[in-house]
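Please open the model in your viewer and keep the selection panel at hand. The tour below moves from selection to selection and says what is found at each stop.

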Amino acid sequence: MAKVKGAVSVNLEKCKGCNLCVAACPTSTLSLQPNEVNDRGYHYAYMVNPDNCTGCCSCAWVCPDACIEVYRVRLD
């Protein structure tokens, strides 16, 4: 059976840094960017620990602005 790894894509310009995705992530994959802000002035979410992602979609389900997409990548 192939091993599957998760990947998260965040629309940085739509993200308002509400931190809901960070709190919902069971594997501590996401965090808010501490030093940079987007064009709207918000600290945005990003994958701080990409190897931890399982592709569970918890972050995408709680995002109020639907700016998160989760993918599952097959590792060969």
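A disulfide is here a pair of cysteine sulfur atoms within 2.5 Å. Select C67 and C63 and display their sulfur atoms: the sulfur of C67 has its closest cysteine sulfur in C63 at 3.5 Å, which is too far for a bond. C67 itself is buried, with a relative accessible area of 6%, where buried stands for under 20% relative accessible area, exposed for over 50% and partly exposed for what lies in between (1.4 Å probe, protein chains only).

Before going further, note that this is a predicted model, in which local features need pLDDT of at least 70 and side-chain atom pairs count only at pLDDT 80 or more, while totals for chains, interfaces and linings use all residues. Residues are numbered from 1 along each chain as its sequence is written, and side-chain values use heavy atoms, with hydrogens and water left out.

Now count the disulfides in the whole structure: there are zero. C18 is partly exposed, with a relative accessible area of 37%.

Next, select S58, which belongs to helix 2 (residues 58–62). Is S58 buried or exposed? With a relative accessible area of 18%, S58 is buried. When its neighbours within four places in sequence are set aside, S58 is in contact with A24 and P26, contact being taken as heavy atoms within 4.5 Å.

Switch to a cartoon of the protein chain, whose secondary structure comes to two helices and four strands. Followed from the N terminus, the elements run β-α-β-β-α-β; helices (H or I, at least four residues) and strands (E, at least two) are DSSP runs, numbered from the N terminus.

With the C-alpha trace displayed, the protein chain spans about 45 × 20 × 20 Å along its principal axes. Of the contacts in the protein chain with a separation of 6 or more, 61% are accounted for by residues 24 or more positions apart.

The protein chain exposes about 4900 Å², of which carbon and sulfur atoms supply 51%, with areas from the Shrake-Rupley method and a 1.4 Å probe. Buried residues make up 25% of the 76 residues in the protein chain.
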